[in-house]
Amino acid sequence: MRFNDQFDFIRQHMKRNKLRVATTILAAMMGCAFLIILASVGFGLHKTITDGVLDNQLVTEIQVPGKETSDEKITDEEIQAMREIDHVIAGVKRSSPDAEAVAMLDERKGYVPAVLVDFEEEQKAGLALSQGEMPKSENEVLVGYHFAKQLLTEEEQKKVDEGEEVKGFTDNVVGQTFKLELSPYKEGVEPATWEFTVSGIMDEPAKDWIVNSKIYIDDSFGPEFNNKLALGESYNEILVYADDLQNVGTITKTLKDEGYYVYSVTEELDSMDMFFTALKAGLIFVGTIAVLIASIGIFNTMTMAVTERTREIGVMKAIGAQPKLIQKLFLMESAAIGIIGTVLAVISSYGISFLANWLVPIIIKSSLGGEEGMDDVTLLISVIPWQLVVIASVISIGVAMVSGWRPARKATKIDVIQALRQEL
Amino acid sequence: MIKIQGLQHTFAIGKKGKERRVPVLKGVTLNVEKGEIVAILGKSGSGKSTLLNILAGFMAPESGSVKVGGNETTTLNEAQMANFRLESFGFIFQNFQLMPGLTAFENVELPLKIKGMAEHERRKKVQRLLEEVGLVAVADHYPNELSGGQQQRVSIARALITDPPILLADEPTGSLDSETEGDILKLIRSLNQSLGLTFVIITHDEEVANVAHRQYRLHDGELVKGEKRHAI
Ligand SMILES: Nc1ncnc2c1ncn2[C@@H]1O[C@H](COP(=O)(O)OP(=O)(O)O)[C@@H](O)[C@H]1O
Ligand SMILES: [Mg+2]
């Protein structure tokens, strides 16, 4: 029999039992759609959280907090070696002196952290200014975007203590010269004061909840601070920058192999991936149970179809149809039920997923009473990647064919003589 | 064309363990020549259908040999036998055995579909045959919209469509009134004469048997030659 004739044949049979076939398809569709929707929540959560991680930090940044093997500090030579790893564009050291820093501009005063940096390397790492220019001389510094806001008069300080909002220094801070007083945390050492001029202001932080009021001072000042104040050991932050996100993984691995503690976005994503892969597999497994329940319907429908058509199958065999052909026709019919059910399930799943992603955030927002800060959170309840469609299709069409297997076998075993003896 | 030799078959009847063995065929031997109509007469339950079912390959005999066109068919497996039937036999059944969901045309077309013939080719062929057996007017009727005689004509057309050399008929007029029976017998005779087809007809009816060149009677599991040889 030709394939298109086989196709016609099963189509005719399915038409003859429209209602029964339709309800079976409906069951298959519901099973498969349940599987897809359920698993899509796992994919949605994974995406929401992954996007959150990638959004909230510089993804090409790799933190190197220390060494696994000893408590020793990472030396400048070692940082230099890190810079030479493939795909590393910069390796910076930011050291915070072991002292409290207070900036003073006229009668204004602000508690702001001071950091010693290598401007050249910071620029390679992607430092960007919103105003002004890079420091040219030793006494020039950069300040964080929120620096000026932290410089308060005594009056303003009182207001802040009472919980009120204040503006801080509103004039352009670029070109201003301020005093920086460092009071060592170690007792018995007198504070010392330096004068710096602001040459530029850093870019606004990527997220509106990050506050950057730091003062960035050239690291050549390190020895001077130490001499004057007999400072304790400074706290060093060491960061390595990759040229691209896709190289972060290998750089992380290289650094780990060299015995450093490493923390990068891939580290975080890797541990998350593991959790979410397990979650998704679990959801797919639970969803498969729905598909299996639907398969009982397919099994019943096909068994009934075979019983009903016993005489016709007998005639087919009598006039020379191969048992293989009979089997194939019934398998095709159960596969067709599975395929149609799956196609409908995929279409409706995308619809439901779309609705859920649109409706659920609206409901959440309204129940939170329109709180601020929710607007830039993209909450994905359900995501259906093509891989999920493939997995669900394979499962539900496969299960449909397996449940059609026994009825189809039964059809091939029908005895011609018995079948022809059946009453019309 | 057909050579049956020493065919034996015994049925076991009743509950398992206490079944009764009933010998139905006890060494049947029969030769049918090409272009011949042979009728096998016998009382109900004498084993006529069993003989035909074995010849058709619907069941295997206990022992004995069946040769069709020189080929031993009792040793073929199910798939080979299905193929052999498709090539060599056309079937005419007592209750027509048409597919209720197919029109007269589609019923006749079915064996060609199973054979895998292309659509335009088989449509031409079916159309031509329907013209020959006088069914063009009812080609798009479903079996339940046809009279008994018309249904049997459709079933004969379905048997003929693959051009088989041999037609096997089990009580072909058993469900028809005597007038329609006459029509069908005429059709069988004319097909035999014009196309040289070989017929094996099973019947309990002497009238029907008269269409045959030779008659046999199945009695007590043995086949004996009928007294009168009818000349057509
Ligand atoms: N499948 C079977 N199992 C047991 N006995 C059978 C079977 N088929 C036929 N018989 C018996 O074999 C005998 C011959 O049956 P059958 O060939 O149908 O006779 P006929 O066609 O001449 O009326 C009958 O007694 C019937 O009961
Ligand atoms: Mg009989």
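Me: Which side chain does the side chain of B:Thr180 make a polar contact with?
Reply: This is a predicted model, in which local features need pLDDT of at least 70, side-chain atom pairs count only at pLDDT 80 or more, and totals for chains, interfaces and linings use all residues. Side-chain values use heavy atoms, with hydrogens and water left out; residues are numbered from 1 along each chain as its sequence is written, and chains are lettered from A and ligands numbered from 1 in the order in which they are written. A polar contact is a pair of N or O atoms within 3.5 Å; within protein, one must be able to donate a hydrogen and the other to accept it, and residues adjacent in sequence count only if both atoms are side-chain atoms. At 2.4 Å, the partner of the B:Thr180 side chain is the side chain of B:Asp177.

Me: Is B:Thr180 buried or exposed?
Reply: B:Thr180 sits in helix α6 (residues 178-195) of chain B, helices being DSSP runs of H or I with at least four residues, numbered from the N terminus. Buried means under 20% relative accessible area, exposed over 50%, and partly exposed in between (1.4 Å probe, protein chains only). With a relative accessible area of 17%, B:Thr180 is therefore buried.

Me: Over in chain A, which side chain makes a polar contact with that of A:Thr301?
Reply: A:Thr301 belongs to helix α9 (residues 265-308) of chain A, and at 7% relative accessibility it counts as buried. Leaving out residues up to four places away in sequence, A:Thr301 touches (heavy atoms within 4.5 Å) A:Arg20, A:Thr24 and A:Ile337. The polar contact, at 2.7 Å, is with the side chain of A:Thr24.

Me: And A:Ala290, which residues does that one touch?
Reply: A:Ala290 also lies in helix α9 of chain A. Its relative accessible area is 18%, so A:Ala290 is buried. Not counting residues up to four places away in sequence, its contacts are A:Gly31 and A:Phe34.

Me: How are α11(A) and α12(A) oriented to each other?
Reply: The axes of α11 (residues 323-367) and α12 (residues 386-412) of chain A come within 8 Å and cross at roughly 155 degrees. Axes here are lines fitted to C-alpha atoms, for helices over the stretch in contact, with angles from 0 to 180 degrees between N-to-C directions. Angles under 35 degrees count as roughly parallel, over 145 as roughly antiparallel, 65 to 115 as roughly perpendicular and the rest as oblique. So α11(A) and α12(A) are roughly antiparallel.

Technical notes: Helix = DSSP H or I, 4+ residues; strand = E, 2+ residues; numbered from the N terminus.
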